[in-house]
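Student: Can you walk me through this one? I'd like contacts and then some strand pairing.

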Amino acid sequence: MLSHRLQAAWVIARRDFVAVIFSKAFIFFLLGPLFPIIVGMMAGSIGASVQHDLDRPVLGLALPAHEGDLMAVARGTLADKMAGPVPDFVVLQRLRPGESFDARAALKRGVSGVVSGSLAAPVLTATPERVGEWRGLVSVIAARAAEASPQGYPVVKVDTVATSVAKQRNEQVVTAQAGQILLFLLTMLLAGMVLSNLVEEKANKIIEVLAASIPMDALFLGKLFAMLAVSMVGIAVWGAGYGVLVVLGQKAMPVLAAPAVGWPLFLGLGFCYFAMAYLLLGSMFLAIGGLATTVREVQTLSMPATMMQLIVFFFASFALARPGTWIETAARVFPVSSPYAMLAQAAQSPALLPHLLALAWQALWVGLMVYFGAALFRRTVMKSGPARGRKVGRRKLRPA
Amino acid sequence: MAHPMKMQLGEWPVPGNAVDDRDQELAVEARGLVKRFDGFTAVDGVDIAVPRGAIYGVLGPNGAGKTTTLRMLLGIIDPDEGYRRVLGTERPTDVARRIGYLPEERGLYPAMKAYEAIAFLAALRGVPLKDGRRRGRELLEMHGLGYAADRQIRQLSKGMAQQVQLLGTLVHKPDLVVFDEPFSGLDALNQGKLERMIRDLAAQGTTVLFSTHVIAHAERMCDQVAIIAGGRVPFAGPVDVARDRLRPQVRLETRARDGLWRAALPADARSEGAFWHFTLPESGVEPLLRALIEGDAGILSLSIERAGLHDAFVAIAGEAAARALEENAEEEGRR
């Protein structure tokens, strides 16, 4: 019987796959990647907040005796009076006479730049962009730290480095955000397509033939996996398109920073998390589709699920800006936000064990959702009889 | 509310999967089927026994519970109570590949080509796609629709699309075919074609179970009928037995207008012009004839008419159900 079920699921999946691939809706699906810009604008406030929170650079101080403390105090005094953002200052080390300090090594500890040397002759070690941004600022604050009413400003020597851990982290956050947005859009598009596909079948009255011919769970699975296959075609097309653009545009094209786990693994994990997110949402949408009989009913019933998915996305995006907090943990554990949060983790941290645990946890929930979704679908999709709660006119609404 | 299906299973003699003699005889058997929707009882204790190879009709007005009964028999929905056995199993979905089903509300994928639609319906019943496509073309050719094989369903007329779906219902050569209101929406020509097709199927040993609200179809085609009204089946059995529920009607024409022979007429006799109409007495026609002859009635003609299924339906299901049936037929005629 299992082989019959799988065979039936295959028949449905094959039909749906071919029907979708050759439909106009698939063209809109392929245009999906254009939507991140729109959604990005809509989610602008949260995105900006995330970026602002993450882009709070820290300047490390490694100066003789208490000169670092004096600079930190001077920064506190001047910060509000200066135009533009002023980085936080942190004293890395109070140097004893004759003691040396490896500023380049300090950059690997998460600070965006290091001020060494002395107040009279400060040395700024940072990336070229940071040097350009902070050189004058360091000179002013060092002068103010040296004396309350400075007569002149010291020349700041610079030691530029190619990159820093903080910069790399920021870039990886961008990669994580891009991954989350893509995941969200793909999931929403596909879940919407699987739902409209089901509604079309109900409208065409095909559903009764299907229900009489094959087990309902085979229909449910066939539909779910057909859309998963459709998404793979879409991803292949987008990947190829992006590759062509990169080759043609060379350095003009924006290239995302390499994720912490590396691109091959990140893409693999991305697909796994996408599959989990889609199967969770798709099961939910199909179960909703089973309850509805008209497009209007579907819209009404699926609205809360769509809103929930938006909230989940914003929640995962918000958690990205709160590393190490309970919010981040909650986003990783909550089944529907877990794929988004874990994809972000893959961009930022090279650890692999959490992904194995997360995938196992999500797979468990996918199993539960598919099982209960199919059961609900089976129970409701062919239900006839009077509309719930309608007492008046019951005789007229009797099933044939 | 608890549904005592298991308790009921024990009451019937053929639970389990063993195939007994009755399985050899009955393609479909249902006992005490009950289905409720949100507290409303749509089907209330339906009993049906469809012999293998028979043409069996479920006759009743719209809203009587026909579709719900068929859906339960096919396993599309489960009964709340009762026992069903289809092609030797209590789980109809297990034998779905041996069943063909044409629902009342027809439907195909509009973008599919006609032969692909048939192949898809065949694939649902386990026929490989390649074979389904070949058979689809063959069937369309055989039924004079070969020219439309490569047309999309949306390009076909409603009648043609219905024929395509009908062929898709039969493409896998099922042992049992279930039609829900198969004549609905068909013109007289296509109704005739469908009637012939149903008879051919039965002649080949296929069991045909169909629902209808048109008495003439049931009377013309069915070996047995289940009369259904208000979710109940007050009669299920051979059409002849249903008709025999009513005594035959006598139509008598006499030369004499009055005489001793009048005493031989039963109490319900009524006069219409030169004719008398009355129910054949239980004693039969011979004592009546003798009394008429001995009383010098001068018999010009005497005919005995067996009751039609319509009269039987009125007697079995009641006036209200019969009226509803007629209204349904008129409504469809207007459509």
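Student: What does Phe285(A) touch, leaving out residues up to four places away in sequence?
Tutor: Phe285(A) touches Ala191(A), Val194(A), Leu195(A), Ser302(A) and Ala305(A). Contact here means C-beta atoms, placed from the backbone, within 7 Å. This is a predicted model: local features need pLDDT of at least 70, side-chain atom pairs need 80 or more, and totals for chains, interfaces and linings use all residues. Residues are numbered from 1 along each chain as its sequence is written, with chains lettered from A and ligands numbered from 1 in the order written.

Student: Where does Phe285(A) sit?
Tutor: In helix 11 of chain A, residues 263–291. Helices are DSSP runs of H or I, at least four residues; strands are runs of E, at least two; both are numbered from the N terminus.

Student: Why does Phe285(A) count as buried?
Tutor: Because it has 29 C-beta neighbours inside 10 Å. The cut-offs, with C-beta atoms placed from the backbone: buried is 20 or more others within 10 Å, exposed 12 or fewer, partly exposed in between.

Student: What stands opposite Leu252(B) in strand 13 of chain B?
Tutor: Leu302(B). Strands 10 and 13 of chain B pair antiparallel over six bridges; pairing takes at least two DSSP bridges.

Conventions
Contact = placed C-beta atoms within 7 Å.
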